[in-house]
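Here are my notes for you on this one. Have the structure open as you read.

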Amino acid sequence: MSCTEINTNDIRLRIIANSNSDNDQIVKNNVKEYLKNYLKDKDINNLDLKKLESLLNENFQDRIKVERKFVMYEAKSYNNKIVQSGKYDTILITIEEGLGKNFWTLLYPEYFNVSFEDD
């Protein structure tokens, strides 16, 4: 797959922290753990993003934006496998200004078994 090709088979979750401060990174990780539990019994393809955004803002008292769009990812190596670069269908969670390090994982097909943090 070329780096500009769109991959419609995988769905990813990406959470971008407000900043790289310790507190903002803790919020990002707390949002990640909340989502891990919340998404377990949900149909990812029919997820109510407005409801999810409302729940996140209620639970974390931050300005959190939830959207689904195609996002460009660089290739990554995991357990001697390459996760291809390209544009992937993504549930994108942006906390406040979204200027910090991010976390991302494959929601489908591997649901939280492969995840990456910025270096």
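**Notes on the fold and its core**

1. Buried residues (under 20% relative accessible area, with a 1.4 Å probe and protein chains only; exposed is over 50%) make up 44% of the 119 residues in the protein. Keep in mind that this is a predicted model, where local features need pLDDT of at least 70, side-chain atom pairs count only at pLDDT 80 or more, and totals for chains, interfaces and linings use all residues. Numbering starts from 1 along each chain as its sequence is written, and side-chain values use heavy atoms, leaving out hydrogens and water.

2. There are two helices and seven strands (DSSP runs: H or I of at least four residues, E of at least two, numbered from the N terminus). From the N terminus, the order is β-α-α-β-β-β-β-β-β.

3. Of its 21 residues, Val31, Leu35, Leu56, Ile91 and Ile93 touch the most other members. Elements giving two or more residues to this core include helix H1 (22-38), helix H2 (49-60) and strand S5 (86-95). A second, separate core of six residues includes Tyr73 and Trp104.

4. Look at Val31: leaving aside neighbours within four places in sequence, Val31 is in contact (heavy atoms within 4.5 Å) with Ile15, Leu56, Phe60, Ile64, Ile93 and Ile95.

5. Which residues of H1 are buried? Asp24, Gln25, Val27, Lys28, Val31, Lys32, Leu35 and Tyr38 are. Seen down the axis, the buried residues of H1 fall within an arc of 155° (taken from the directions from the helix axis to the C-beta atoms), so they line one face of the helix. On the other side of H1, Asp22, Asn23 and Asn37 are exposed.

How values were computed: Core = buried A, V, L, I, M, F, W, Y, C linked by side-chain atoms within 4.5 Å.
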